Amino acid sequence: MFQGVWQHIRPRPRRRPKVYSVHKNHYCPRCNRGFTLKKNMSRHLRHECGMAPKYQCPYCDKLSKFTQNIYAHIRKYHPDQALCFKRLY
């Protein structure tokens with residue numbers, strides 16, 4: 001009876017659990033935060049460490065150092081609004 005129905009329903013792909021490494025070989029010289037990859041530490045030094053957030057949500061006071069976080073925030077908390085951001089400096 002339900003044979004045709006089950007052919008069109010596909011199971012959702014399962015997400016792999018996040019694995020947090022305890023082997024952090026690269027440490028920020030400013031704040032001592034640890035990273036597994038040197039490129040992640042370099043990004044942290046360039047964009048995050050000691051820097052004030054550059055971007056703000058135009059609909060509330062949410063601040064972020066990355067535009068992708070503002071976009072995700074707007075999609076979640078302001079779903080009917082346009083995707084844009086304010087650059088503070």
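**A close look at the sheet and its surroundings**

Tutor: Let's begin with N40, which counts as partly exposed at 25% relative accessibility; buried means under 20% relative accessible area, exposed over 50%, and partly exposed in between (1.4 Å probe, protein chains only). This is a predicted model, where local features need pLDDT of at least 70 and side-chain atom pairs count only at pLDDT 80 or more, while totals for chains, interfaces and linings use all residues. Residues are numbered from 1 along each chain as its sequence is written, and side-chain values use heavy atoms, leaving out hydrogens and water.

N40 sits in helix α2 (residues 38-47); helices (H or I, at least four residues) and strands (E, at least two) are DSSP runs, numbered from the N terminus. Between N40 and H26 there are 14 residues in sequence and 8.9 Å in space, C-alpha to C-alpha.

Now for the sheet. It is open, with 3 strands in the order β4-β3-β5 and antiparallel pairing; two strands pair if DSSP finds at least two bridges between them. At the edges are β4 (63-64) and β5 (86-87), each pairing on one side only. Strand β3 (residues 55-56) is joined to β5 by 2 bridges, and the two run antiparallel. Opposite Y55 you will find R87 in β5.

With a relative accessible area of 47%, Y89 is partly exposed.
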